[in-house]
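Subject: Structure handover

Hello,

My notes on it follow below.

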Amino acid sequence: KLSQRLQAIANFVPQNARLADIGSDHAFLPTYLVQQKKINYAVAGEVVQGPFEIAKRHVEEADLHNEIYVRKANGLAAINEQDGIDTIVIAGMGGILITEILSKDKPLLNGVSRLILQPNNHEDTLRRWLLAHDFVISHESILLEAGKFYEIIVAVPKKQHPELLTELSVTEYLFGPILLTKKTAIFRQKWEKELRTLNKILAKLPQNQHQKREDLEEKKQRIEEVLSEN
Ligand code: SAM
């Protein structure tokens with residue numbers, strides 16, 4: 001059984017996708033998806049030796065080495081054109097690292113029809129990267145597990161989806177264009193918590209730190225505005 005977070009990611013993987021899970025760690029996600037018969041081809045990429053070996057062993061033990069190719073590689077270097085990958089998952093890493101991985105081998109994204117991303121932070125930076133690089137956001141979800149909030153962002157090529165927004169407001173980048181239209185209870189909890197954190201930081205920040213205080217106040221105001229609307 002997967003964690004709630006990985007299950008939510010798995011739900012976004014299309015039936016029969018050719019999947020690359022970059023930074024796969026134990027290869028839990030592709031293993032689950034193949035066992036569920038949702039997919040039958042996956043590449044699990046890992047850059048660190050330890051997790052790479054564990055992933056390889058798990059795949060062997062589950063007898064899935066004909067379906068899941070575990071490769072030791074940095075980011076998208078794990079995949080090549082022959083894999084015919086159409087869906088890429090990058091989950092459980094910082095948002096900036098995710099943009100770096102996507103930037104590094106951008107041509108490899110050509111045949112890809114769906115990115116399923118779960119940044120641990122800097123969601124706004126990741127959204128900006130996506131829209132600046134010909135992707136648009138098709139789905140978003142937010143969940144709370146073991147005291148942590150997780151956002152999942154699904155992006156698709158702009159060319160194939162003329163119906164989706166190609167420009168976002170500062171507020172949409174920060175909160176997520178789709179999360180904003182839903183404003184679930186978990187979404188509200190996340191931003192109420194963020195508001196409390198900002199208040200604590202402001203209380204400790206010296207009055208003479210004008211710029212920093214102004215930035216934090218501005219962010220606070222944005223959050224208060226979003227939370228006050230329905
Ligand atoms: N994706 C899994 C999940 O969401 O549960 C594992 C997340 S784990 C916290 C992050 C993994 O990404 C680590 O195993 C790490 O070694 C791997 N990683 C970090 N940078 C990477 C890169 N540039 N290329 C491939 N893997 C990377």
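**Helix pair α8 and α9**

Helix α8 (residues 185-204) and helix α9 (residues 210-228) have axes that come within 10 Å and cross at roughly 155°. Axes are lines fitted to C-alpha atoms, for helices over the stretch in contact, and angles run from 0 to 180 degrees between N-to-C directions. Helices (H or I, at least four residues) and strands (E, at least two) are DSSP runs, numbered from the N terminus. The angle therefore makes α8 roughly antiparallel to α9 (under 35 degrees is roughly parallel, over 145 roughly antiparallel, 65 to 115 roughly perpendicular, the rest oblique). The α8 and α9 crossing is left-handed (near helix turned anticlockwise from the far one by less than a right angle; right-handed if clockwise).

Residues of α8 in the contact include Trp191, Leu195 and Leu198; those of α9 include Leu216, Ile223 and Leu227. Contact needs C-beta atoms, placed from the backbone, within 7 Å. By class, the α8 and α9 contact has nine nonpolar, no polar and six charged residues. Ala, Val, Leu, Ile, Met, Phe, Trp, Tyr, Cys and Pro count as nonpolar, Asp, Glu, Lys and Arg as charged, and the others, Gly among them, as polar.

**Model and numbering**

This is a predicted model: local features need pLDDT of at least 70, side-chain atom pairs count only at pLDDT 80 or more, and totals for chains, interfaces and linings use all residues. Residues are numbered from 1 along each chain as its sequence is written.

**Helix pair α1 and α2**

The axes of α1 (residues 4-11) and α2 (residues 28-35) come within 10 Å and cross at roughly 55°. That makes α1 oblique to α2. This α1 and α2 crossing is right-handed. Leu6, Ile9 and Ala10 of α1 meet Phe28, Leu29, Tyr32 and Leu33 of α2. The α1 and α2 contact has seven nonpolar, no polar and no charged residues.

**Ligand shell**

The ligand is surrounded by 16 residues, and the closest are Gly23, Asp25, Val47, Ala91 and Gly92. A residue counts if its C-beta atom, placed from the backbone, lies within 6 Å. Elements giving two or more residues are β2 (41-46) and β4 (87-93). β4 gives the most, with three residues. The shell divides into eight nonpolar, six polar and two charged residues.

**Domains**

The chain is divided into domain 1 (4-165) and domain 2 (186-228); bounds come from an automatic or database domain assignment. Their C-alpha centres lie 32 Å apart. The contact takes four residues from domain 1 and four residues from domain 2.

Regards

Methods:
Contact = placed C-beta atoms within 7 Å.
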